[in-house]
Amino acid sequence: MKGQRNDRVDSEYRREIASIVTGALKNKEPDLKGIVSVTAADVAPDFKTAKIYVSVYAKNKEEEQRSFEIIQENAGFIRHELALVMRTRTVPRLTFLRDASMEYGSKMDSILSGLHKDD
């Protein structure tokens, strides 16, 4: 069960990682294309690991996939940059996961609007 402190930590990590991805990582990796959103962070209470949920919106699926791969490949770089700004004893090992909630929501919207048109 997560407490209020962990919720604040998750929020802070989400915000800082989003800043690093849109700033330093985009400057380092010119192939990182599209809009990248860090939707959630789940930091373990012992700060050893963190699951970071990322949503990428690009022109096509290939660009989305390549951008997500770039983020995964640069997990160490992001962790290093995070260590420079966070005031914690340890910085967790980052695992990036794709967040498909936006795609799911879009699919549900199209299904619901299709049902509404039948009326």
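Helices (H or I, at least four residues) and strands (E, at least two) are DSSP runs, numbered from the N terminus. On that basis, the chain reads α-β-β-α-α-β-α along its sequence. This amounts to four helices and three strands. The model is a predicted one, in which local features need pLDDT of at least 70 and side-chain atom pairs count only at pLDDT 80 or more, while totals for chains, interfaces and linings use all residues. Residues are numbered from 1 along each chain as its sequence is written, and side-chain values use heavy atoms, with hydrogens and water left out.

The C-alpha trace spans about 60 × 40 × 15 Å along its principal axes. The chain has 119 residues, and 31% of them count as buried. Here, buried means under 20% relative accessible area, exposed means over 50%, and partly exposed lies in between (1.4 Å probe, protein chains only).

The strands were examined next. Two strands are taken to pair if DSSP finds at least two bridges between them. Strand β1 covers residues 35-43 and strand β2 covers residues 49-57. The two run antiparallel and are joined by eight bridges.

Thr95 lies in strand β3. With a relative accessible area of 30%, Thr95 is partly exposed. His80 is 15 residues from Thr95 along the chain. The C-alpha atoms of these two residues are separated by 14 Å.

β1 and β2 form a hairpin, with five residues between them. Phe47 lies in this loop. Most residues other than glycine have a negative phi, and most peptide bonds are trans. Phe47 is not a glycine, yet its phi is positive, at about 60 degrees. Phe47 is also buried, because its relative accessible area is 14%.

Charged side chains were then considered. Side chains of opposite charge can pair when their charged atoms come close. A salt bridge is defined as a side-chain nitrogen of Lys or Arg within 4 Å of a carboxyl oxygen of Asp or Glu. The structure holds five salt bridges.

The closest N and O atoms of Lys61 and Glu64 are 3.9 Å apart. Lys61 counts as exposed, at 53% relative accessibility. Glu64 counts as buried, at 7%.

Arg66 forms a salt bridge with Glu69, and their closest N and O atoms are 3.6 Å apart. Arg66 and Glu69 are three residues apart in helix α2, so they too are separated by about one helical turn. Salt bridges that share partners join Arg66, Glu69 and Glu73 into one network. Arg66 is partly exposed, at 33% relative accessibility. Glu69 is partly exposed as well, with a relative accessible area of 28%.

Lys28 takes part in a salt bridge with Glu29, with an N to O distance of 3.7 Å. Lys28 is partly exposed, at 40% relative accessible area. The charged end of Lys28 also sits over the ring of Phe77, 4.8 Å from its centre. A charge sits over a ring if NZ of Lys or CZ of Arg is within 6 Å of the ring centre and within 35 degrees of the ring normal. Arg98 likewise lies over the face of Phe68, at 4.7 Å from the ring centre.

Rings of Phe, Tyr and Trp (its six-membered ring) pair if their centres lie within 6.5 Å; planes under 30 degrees apart count as stacked, over 60 as edge-to-face and the rest as tilted. The structure holds zero aromatic pairs.

Finally, the surface was searched for patches. Patches are made of residues with over 30% relative accessible area and no salt bridge; like charges are joined within 9 Å, and nonpolar side chains (Val, Leu, Ile, Met, Phe, Trp, Tyr) within 5 Å. Accessible areas come from the Shrake-Rupley method with a 1.4 Å probe, and for residues only the protein chains shown count as cover. Ile111, Leu112 and Leu115 make a nonpolar surface patch of about 280 Å². Leu115 belongs to helix α4 (residues 101-118).
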